[in-house]
Amino acid sequence: MIQDPGCSPGCATLAREFSCSYIEEIPVVALALFMDHYMPERVVSHNPAIIAQSLSQRWRSSSRPLQTWADVDVPEGAPLDLIRRRWTKFPVDPTDIKQNEPEVYSAFEEIFDQIVACCTELEPGLRQRAVYFNEGDPGARQSLTRSVTKPDASIRILSPHGTFYGKLLYVRAVAIHLRKSGSDRLKNGQRVNWELLETLRAEPGRRFAFGMTVENTSVRLWHFNHEVMVVSSPFDFQKDYETFIDVLCRFAFAPFHQLGYDPTFIKGTHIDKDALQHDRVIIENKTYELFNVVANHCADAVVGRCSWVWDAVEVDSGTPVVVKDCWVEDDRLTEFDILKDIHQRIRAYDWKADCVAPCMAPLTSSGDPAVGRIDPHYHDDVDRTAYFVNIICGQKLFVDGQVDNTRSVMARGYQLPPTVSCDMYNLTPQPTEMQPGTHAIGTEGDESQDDTVYIPMRGVFDKGTKARAHHRLVMSRGTPLDKILDPRLAFRTLRDASYSIFIMHCIGYLHRDPSAPNILLTETGLGVLADLEYAIPLSQAGQPHIGRVGTPNYMAIEVVYNNYLQQPNHTPLPPLAEEDVSDVDITAFTAPSTTSTPWTRCELHDIESFFWIALWLLFRHTSSRHMPTAGANPILPGAEALSLSSPQDDYDLDAHRDMYNRMFPHAWKFTQFERRDILCVGSAYQRALSVLPPSFRKTALYFEYLRRALLEQYGKGSGRVISGSLWGMLYRLCANGARFMPEDSFVPLSTIAVHNNKSHT
């Protein structure tokens, strides 16, 4: 995960360092191509040479649109010396000026104002939309409250009335980082990389962001969207003054959507100190007012779908809803279209003919594949479409009459060549270890998990990119599984969602991203499956995809490795812990029959994800029975230690927490070895269960049956034919959790203060 705003400076430094290793290398685009495809279009009709000629004649008075701006005398001479090919405010290069950067480059503000004044003199109808602002000024520091890092300067948008917006973070259209020395190129690149990441992750109305770096007289331009970051080849702002004029003209007069702002996102403004208008969005000509941020997945990885989720209200009717905003691969169906296809397939499927009624076969049996899929609701008159999140409406968003797209709209159709044939801007040497504040490299899925899978050996763009389209939808509200603290209700909700996955597999769909936040408890009391944007027909499972799809905490082990648990050529996975080698369940590592069939995702992987979700429920929480007895409350700040209410219970909170962190690492260490061992090694599974509260262990033991059934299926390799009883087994095991979990409350481990003393007596 990329570091959250408001973090401590030390953590921010680590996060900034990792953000550079996350990006690693940035494609360099020739300056002319960058100007044609990534910069705002030219609004000023006069070419830069004419503007330069006018700038060489005299200084102009400037009415700068800032409340603190005072009238100044117009200097003699002119801003630009064409003979010496130099801006007169820079008689020598910045590297030869003894002042610090804010003082040296403060002249850019005056140059920007002179260019604007010259353009509006040549073309009186022009409307200035942005202003250059020296962030080094005390007034700027006070007026823009942003944590972690500040650029040295910025280009900030103006209100429709031509006035300065004030303290809103949203107004910074271009982040500018300035250094006098050319040797600071790497540091400058790292700073602007972090700033652009911060902009897209923290501001929901931004489609893309611009940056500009200057080292001495060398200038580079930066563009970052949810597909890719690119940087221009450099130019000299002194010698190539026409390009500098062109760049500042484009930024000064560009319409807001060409500066990266979403025209369908209406930013709330401060009307007065007691009245704050909330942000609003437009979906299918209806306006929705946004309140609480439910999830900001941009915080985890800015490249990708980058979902924002809000509690919202439809303005005209007052109906409470959930609004989701994301960037989907442009050749994929939207989540709304996928749901409609699922509904259509459900209605067309012959449930009585193609499924069988539940049988009373022992849970230890994996069943006969020829029997057919066991439908837990075979005899029930149920609406199977109700087991999926209710999407009220959804659409791809339009800009300038086109579907908003990272490539066809933002890059005006330009497609980067493969990175192997690109010049690349290196941000950092190859990393040797992960840093705190990271996100999974090479994974896509529920981004609410701030986990990492592998040490990144390549930059995020080295594997290629795909164009993304902007999608927004409206859903009915529900409570995510990870927010439910009633153990029995949590497992009832999981049971219902397990039926959702059964339905999807029957009609030929894979979900590919089951996770706790993707399972919702609706107002009707039914558990439903949400987040369908990565769902695909089973027939497409073998198609190539950039990166892994899934949430690391719940991802099937085969999906982690993109291969069979045991390849046909007997090549094993990375070795298990030495003490476990003799205890491996043989079926999991017996080589399948020799075949050249490549590995692909299948229904087993969705089912295994549910296995991990069920275990996550148990390991992420302790029981309210283990609340302290002497007044300390572990869910309140300041709690220090727990003691058992039942001395005979053999329970160690610290051991529980340690196992949870190893199985489901919610910080930065992530190897997958722990989960792999728990799946494949019986003693490892039993040792894991032994740290749970005693009242949880009975439920966990039932999942041993599912674990062994999964291993039996995986042992068949490419020849696997999935047992029809597996879905019924998953359903019954979740139902047993709802039946046998204690009638108390979950207490999330994250709410309990860390302590050194053991909690058992």
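Modeller: Before we start, two strands count as paired if DSSP finds at least two bridges between them. Keep in mind that this is a predicted model.

Colleague: What makes you call β6 largely enclosed?

Modeller: Buried means under 20% relative accessible area. In β6 (residues 172-179), 8 of the 8 residues are buried, so the rest of the structure largely encloses this strand.

Colleague: Which helix makes a β-α-β unit with β6 and β7, and of which hand?

Modeller: Helix α7 (residues 185-202), and the unit is right-handed. The term means that, with the strands pointing away from you, the path from the first strand over the helix to the second runs clockwise.

Colleague: On to the sheet with β17. Why are β11 and β20 called edge strands?

Modeller: The open sheet has 7 strands in the order β11-β14-β15-β16-β17-β25-β20, with antiparallel pairing. β11 (265-266) and β20 each pair on one side only.

Colleague: How do you know that β17 pairs with β16 and with β25?

Modeller: Count the bridges. Strand β16 (residues 308-314) and β17 share 6, in the antiparallel sense. β17 and β25 share 8, also antiparallel. On the β25 side, C326 stands opposite H471.

Colleague: How many residues lie between β16 and β17 in their hairpin?

Modeller: There are 5, and G318 in that turn has a positive phi of about 75°.

Colleague: What makes β17 largely enclosed?

Modeller: The cut-off for buried is under 20% relative accessible area, and 9 of the 10 residues of β17 are buried, so this strand is largely enclosed by the rest of the structure.

Colleague: Now helix α9. How do you know its span is close to the one expected?

Modeller: The expected span is 1.5 Å times one less than the number of residues. For α9 (residues 335-348), with 14 residues, that gives 20 Å, and the first and last C-alpha are 20 Å apart.

Colleague: Why do you say that the buried residues of α9 line one face?

Modeller: E335, F336, I338, L339, I342, H343 and I346 are buried. Down the helix axis they fall within an arc of 160°, so they line one face of α9. On the face turned away from the buried side you find the exposed residues Q344, R347 and A348, and exposed means over 50%.

Colleague: What do the buried residues of α9 pack against?

Modeller: Among their partners are β17 (320-329), β20 (391-396), β25 (468-475) and α11 (487-506). The helix lies across β17, β20 and β25, at about 130° to β20.

Methods: Residues are numbered from 1 along each chain as its sequence is written. This is a predicted model: local features need pLDDT of at least 70, side-chain atom pairs count only at pLDDT 80 or more; totals for chains, interfaces and linings use all residues. Side-chain values use heavy atoms; hydrogens and water are left out. Buried means under 20% relative accessible area, exposed over 50%, partly exposed in between (1.4 Å probe, protein chains only). Helices (H or I, at least four residues) and strands (E, at least two) are DSSP runs, numbered from the N terminus. The arc is that of the directions from the helix axis to the C-beta atoms. Contact means heavy atoms within 4.5 Å. Axes are lines fitted to C-alpha atoms, for helices over the stretch in contact, and angles run from 0 to 180 degrees between N-to-C directions.
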